[in-house]
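Here is a short briefing to read beside the coordinates.

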Amino acid sequence: MTMMTPAKVNPSMLRLLGTGDWDTLKELIKNGAYNEMIHDESKMLAAITFAVNFEAPVEVLHLMCNLNPDALMIEDTPFRLARQQGCSAQTITVLEAARQFALSRKFNDSTSSLNF
C-alpha cells in the first residue's frame, strides 16, 4: 500500500490580500501558483479590485495586472475605486498601463488578420 502525498494547496489570493501578506502573495504569483485562476477574467478582475481596495503595494498590483491584463477590459471598477480612494498616481498608472497593453494586443491581433 503506497501513501499518497497530499497536493499542495496554496492560500487564496483574496485571503492573502485581506491579510496583507504581500511577500507570500508575490512569491506565489511568481511561482505560478495561480496559473489556473488567471484564465478566468472575471476572477482576475475581482482579485485586482480587491488589491486596489486593500491598497496592495504597487509591485503586487503590477504582478497581478500582468497575469491577465485583459481582465481590466471587462469593466472599470478598479479604476473607479482607485480614484474614489485617492490612490497614488502609481497605482492608477499600473492599472492603465495594463489596460493599454491589453487594448494594443487586441488591436494587433485584429489587424494582423486583415488581408490587403
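**Salt bridges**

In this predicted model, Asp 76 and Arg 80 join their side chains in a salt bridge, with 2.6 Å from N to O. Asp 76 is partly exposed, at 31% relative accessibility. Arg 80 is partly exposed too, with a relative accessible area of 40%. Elsewhere, salt bridges with shared partners link Asp 23, Lys 26 and Glu 59 into one network. The structure has five salt bridges in total.

**Lys 26 and Asp 23**

- A salt bridge connects Lys 26 to Asp 23, and their closest N and O atoms lie 3.7 Å apart.
- Both residues sit in helix H2 (residues 22-30), three residues apart, which means that about one helical turn separates them.
- Lys 26 is buried, because its relative accessible area is 16% and the cut-off for buried is under 20%.
- Asp 23 is exposed, with a relative accessible area of 55%.

**Asp 70 and Arg 105**

- Asp 70 and Arg 105 form a salt bridge through their side chains, at 3.0 Å from N to O.
- Asp 70 lies in the loop between helix H4 (58-67) and helix H5 (77-84), while Arg 105 belongs to helix H6 (residues 89-112), so the pair ties together parts 35 residues apart in sequence.
- Asp 70 counts as buried, at 14% relative accessibility.
- Arg 105 counts as partly exposed, at 31% relative accessibility.
- As a general point, side chains of opposite charge can pair when their charged atoms come close.

**Helix H2**

- Which residues of H2 are buried? They are Leu 25, Lys 26, Leu 28 and Ile 29.
- Viewed down the axis of H2, these buried residues fall within an arc of 165°, so they line one face of the helix.
- H1 and H4 are among the elements that cover the buried residues of H2.
- Gly 32 follows H2 and has a positive phi, near 80°.

**Helix H3**

- Helix H3 (residues 41-53) contains 13 residues.
- From first C-alpha to last, H3 reaches 18 Å, close to the 18 Å expected at 1.5 Å a residue.
- The buried residues in H3 include Met 44, Leu 45, Ala 47 and Ile 48. Thr 49, Ala 51 and Val 52 are buried in H3 as well.
- Just after H3, Glu 55 has a positive phi of about 50°.

**Nonpolar core**

- The largest nonpolar core holds 30 residues.
- Met 13, Leu 25, Met 64 and Leu 95 have the most contacts inside this core.
- Helix H1 (13-19), H2, H3, H4, H5 and H6 are the elements that give two or more residues to the core.
- Which helix gives the most to this core? H3 does, with six residues.
- Leaving out residues up to four places away in sequence, Leu 25 touches Met 13, Leu 16, Leu 17, Tyr 34, Val 60 and Met 64.
- In soluble globular proteins, nonpolar side chains tend to be buried together.

**Confidence**

- The chain has an average pLDDT of 84.
- A pLDDT of at least 70 is reached by 85% of the residues.
- Over residues 1-7, pLDDT stays under 50.
- The model has zero contacts beyond four places in sequence for residues 1-7.

How values were computed: Residues numbered from 1 in each chain as written. Heavy atoms only, no water. Salt bridge = Lys/Arg side-chain N within 4 Å of Asp/Glu carboxyl O. Helix = DSSP H or I, 4+ residues; strand = E, 2+ residues; numbered from the N terminus. Buried < 20%, exposed > 50% of the residue type's maximum accessible area, 1.4 Å probe, protein only. Expected span 1.5 Å × (residues − 1). pLDDT = per-residue confidence, 0-100. Contact = heavy atoms within 4.5 Å. Core = buried A, V, L, I, M, F, W, Y, C linked by side-chain atoms within 4.5 Å. Arc of directions from axis to C-beta.
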